Amino acid sequence: MELYVPIVVLAVIAAGFAVFSVSIAPFTGPKRWNRAKLDAYECGIEPTPQPVGGGRFPLKYMITAMLFIVFDIEIIFLYPWAVAFDKLGVFGLVEMVLFIVTVLVAYAYVWRRRGLDWD
């Protein structure tokens, strides 16, 4: 159990810092509001008008988000594999090659369907 003490201490410090930062921000930040600060920000261009109910997002945004998640999960699996590569041997190498091939098939499918084109 004593092996987990540094992790718990770090988690408590991180949570304390987060709570402190969020709770002190309203008291320390400037309070000069104007119309430009209250408008939606869209990468330096004029905001596009939105319907009253919010509106629908194009499907392209959701597909891009799902692709990001797929490749993010691939990295999450690659890092521990790289750390323990010498202990896994040939079995670990074959399994990771199969995993990467599976992800590359999905990538080729998206590329073929022009899911990466940003019009």
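## Aromatic pairs

The structure holds four aromatic pairs. One of them joins Phe 77 and Phe 99: the ring centres are 5.5 Å apart and the planes stand at 85 degrees, so the pair is edge-to-face. Phe 77 belongs to helix α3 and Phe 99 to helix α4 (residues 85-112), so the pair ties together parts that are 22 residues apart in sequence. Phe 77 is partly exposed, at 47% relative accessible area, and Phe 99 is partly exposed at 24%. The model is predicted.

Tyr 107 and Trp 111 have ring centres 5.7 Å apart and planes at 55 degrees, so this pair is tilted. The two residues are four apart in helix α4, separated by about one helical turn. Tyr 107 is partly exposed, with a relative accessible area of 29%, whereas Trp 111 counts as exposed at 57%. Together with Phe 71, Tyr 107 and Trp 111 form one aromatic cluster.

## A buried glutamate

Glu 74 is found in helix α3. Its relative accessible area is 12%, so Glu 74 is buried. Leaving aside residues up to four places away in sequence, Glu 74 touches Phe 99, Ile 100 and Val 103. Phe 99 is also the partner of Phe 77 in the edge-to-face pair.

## Nonpolar surface patch

Phe 57, Leu 59, Tyr 61, Met 62, Ile 63, Met 66 and Trp 118 make a nonpolar surface patch of about 810 Å². Ile 63 counts as partly exposed because its relative accessibility is 31%.

Terms used:
Residues numbered from 1 in each chain as written. Predicted model: local features only at pLDDT ≥ 70, side-chain atom pairs only at ≥ 80, totals over all residues. Heavy atoms only, no water. Patch = residues over 30% accessible without salt bridge, like charges linked within 9 Å, V, L, I, M, F, W, Y side chains within 5 Å. Areas by Shrake-Rupley, 256 points an atom, 1.4 Å probe, with all protein chains shown as cover. Salt bridge = Lys/Arg side-chain N within 4 Å of Asp/Glu carboxyl O. Buried < 20%, exposed > 50% of the residue type's maximum accessible area, 1.4 Å probe, protein only. Contact = heavy atoms within 4.5 Å. Phe/Tyr/Trp six-rings, centres within 6.5 Å; stacked < 30°, edge-to-face > 60°.
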